[in-house]
Structure formats: structure tokens, C-alpha cells
Amino acid sequence: MSVFKDAGHLFRFAGLFVLAFLIFLVVRHYVVPKSFGQYGHYRGAGIGEIADRPVKFAGHETCETCHSDEADKKKSGKHAHVNCEACHGALALHADVMNGKTVAPEPASHADDPATMKPVLPDTATLCARCHTASAAKPKSFPQVEPASHSQGLECKTCHNPHSPAMDAGGAK
Amino acid sequence: MKISRRQMMILLPAAAVAWESVLAGTPEESPNYKMSDHWWGMLVDIDKCIGCGNCVRACQTENDVPDGYFRTWVERYHVSDEDMTRPEVISPDGGKEGFPVAQQDDKKYFFVPKLCNHCTDSPCTQVCPVGATFISPDGVVLVDQTYCLGCAYCVQACPYGCRYIHPTKEVADKCTLCYHRITKGLTTACCEACPTGARQLVDLKDPKDPIHAFLKTHSVQVLKPQMATGAKLFYNDLDGSVR
């Protein structure tokens, strides 16, 4: 036993280290989130939390399940690939209310009919100009007009149907 | 059983690798969405962008982006024939309300929509000291806002200027590639709202995605390729003056 003679202080010191390590393990167990390290050096559950955020734009497939008449009109025209919500705005709430998934929140603003969250019809005089006002910066192939001289302030939908705007394709109302 | 030194040298690393995969577990399996089946990116077609700002407004609506901050924005370039290294670039309020009408002169104009490049080897995720930002198994760079300290290292590290500190939450915020939408089978809000199809969400792991044919037949590039970030925001017909 001569090896361990006078070595008591080393054992006490080693014991302290072991104790500190055990305390570290216990604290770590409670402090580090359960899913940390599941996929990498981050909290795995964070991915699911981000994926669970609510959707505001319903997507044109959702719109077309009810508004198939407008979708059909659009299909043959120049706006075939312009999605509904590009002009009408984010309408997932309207879709959810109509599907019975949720009730309209109070107070229901920005809606013609609060019960259905029906959106306000866009004003074509300003809406269309947003894309089609002539500017040298836009691609040359994109159809552009000078709104002032083109329509003398008339609403675009006086002559064009926004869902199928070409006048020679039966787009005019 | 006797194990030679040589066998031991082979077995030990193999066991370590196996143990790593046991610890990692299998990615979360939901009936509709499997992370390991996707590798998301985006294609921007410069020739189609008209600078209407629909994408910027849609992003702000979808993601509650505060005024004056942008997860995506549009820049207008004005480049002379003589000096393409000094383009005039404007982005009034991120292009949210469109751009002033431009008159034709002897320089060329074009629009460049910008957003997070969702880099495969992202500098922003590498500098995070707490593991609050990361690239998900399906290739989207995300921020765990419950874990972020708001130190802004990542804001400085992003070579594309795509991050900001949220003014009220005081944590890092950025484009999530509408992760809450793409995991439900929808496209991003900016792609949904783009009237000309200048933006397209792409899934590089989907063999049926038209991106594969597009990349083979077009002159496509990424921003700052010299930084080897593995950017997945592809630009078709991008001018050399864009930084």
C-alpha cells in the first residue's frame, strides 16, 4: 500500500472533479433542449415550429376549387399564369372562413362582407397601372401603356376584362 | 475472437460513424412531407421581372415583416456601356411600391429581385455561437427565434445582406423560403404573387422538377460564386454588373 501512502489529498481532489462533472451532466440535462442535436447543432423541434406558422396566401389551387368559372376565363387569356392573389391579395382567411375551418375575426377590416371575409374588389385604374405603366426599365416584350393617354383616366375594366384582357379575344365586356 | 491491430483500426471509425447515425435518428416523418426528399432553392428569371414589387408586398403580408425591413427586395440597375463596374442601383423602400418611371437613355436598365440564397455552405450559420441558425435537412436556412440571442454575427456574416435584427423581437430574422408553405405543398408567397413568373421555387431533389432541364439549357449563375457559399438562388441571364 506504499503507493497510495500520503495520496489522500489526490483522491479528495479527484472526487471533487467527479462531483463537478456529475453536477455538469445534471444541469446540462435540464438546460439543453431535448431535440438539440437531433439533425445537427441546433434544436430539431425548431423546424416544426417554423413549419407550423399560419399561411396567408391560400394559393391559386385553393381559389380555383370554388371560383372555377374565373379560372376557366383566365385559362385562355394572356393572364393565364397570373395567380389570383397577385391582384386580389392574400386570401387564405377568406378560404378558411368559406371552408368552415375558422370564423372571421373581429373586427373584420379590409372586407366587403365581414362574415365571409370577402375581399374588396381591386380598383383596376391603379392595379393594372402597377404592372403595365410604360417604363424604359421594363423588359421590351412586356405590354406597356401610358395610362394618361391610353385610357384618359377611365378604369381599365371599362374595355378590358382583367381575367382575359386581350380585346380581340373576346376579353372586352 | 482475436482482433488484429489492423482490424481494430478499421472497426473503430466504422463504429464511430454508426454511433453518430444512431444519435442523429431518422428525420421526422409526417405523412405528407419528408424532409429528406427535398432540397429547396429558387430560380429568378431577370428577363421576366418588371419591378412591380408584388413579391415584396406579398412577403411582408405573409411573414409580418416590419416596415423598412426586407426578407426580399427588388433592385433596379442602370448600367453604362463604358463602365459596367459602377452601376447605378436604386431600391426605393425595397421596391415595395414599384419604381419611378424610367426614360430611355444610352444606358441599360434591368431589375434584380434579391432574397436569401439558402446557401449549402452558409457563412451565416457557421458563425452562430449558440446554434440558433442552421440549414435544415431539406436545404432551407432558418432561424430558431426562441434560441437566438440577437448578437447579429450572422447579419454581418451574410455576404448578400439578407438578414436583419427584428426591431421588436430583437432576434435575427430572414427569408424562410416560406417554410410554413412549402412543407404544405404550396409555393412561396413571392412566387405565388409574381405576375410574370420571374420567380420559381425549385426542388433540386425532385427529378421531375423542370429546373434540371432549365439549368442545362440556359446561362444561369449565382451571386458571388467566388465565396463558395453553395448558393441555391439561381439567376437566369444575370448581368455581370450585379454584385
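**View 1. Helix α1 of chain A (residues 8–31) in the predicted model.** At 1.5 Å a residue, the 24 residues of this helix should span 34 Å, and its end C-alpha atoms are 34 Å apart, so the two agree. The expected span is 1.5 Å times one less than the number of residues. Helices (H or I, at least four residues) and strands (E, at least two) are DSSP runs, numbered from the N terminus.

The model is predicted: local features need pLDDT of at least 70, side-chain atom pairs count only at pLDDT 80 or more, and totals for chains, interfaces and linings use all residues. Residues are numbered from 1 along each chain as its sequence is written, and chains are lettered from A in the order in which they are written.

**View 2. The largest nonpolar core.** This core has 74 residues, and Cys190(B) and Ala193(B) have the most contacts inside it. A nonpolar core joins buried Ala, Val, Leu, Ile, Met, Phe, Trp, Tyr and Cys residues through C-beta atoms within 7 Å. Strand β4 of chain B (residues 108–115) gives the largest share, five residues.

**View 3. Surroundings of Ala193(B).** Leaving out residues up to four places away in sequence, Ala193(B) touches Phe57(A), Asn83(A), Glu85(A), Ala86(A), Asn54(B), Cys55(B) and Ala58(B). Contact means C-beta atoms, placed from the backbone, within 7 Å.

**View 4. Where chain B meets chain A.** In this view, 43 residues of chain B are in contact with 32 residues of chain A. α2(B) gives the most to the side of chain B that touches chain A, four residues.

Technical notes: A residue is buried if 20 or more other C-beta atoms lie within 10 Å of its own, exposed if 12 or fewer, and partly exposed in between; C-beta atoms are placed from the backbone. Two residues are in contact if their C-beta atoms, placed from the backbone, lie within 7 Å.
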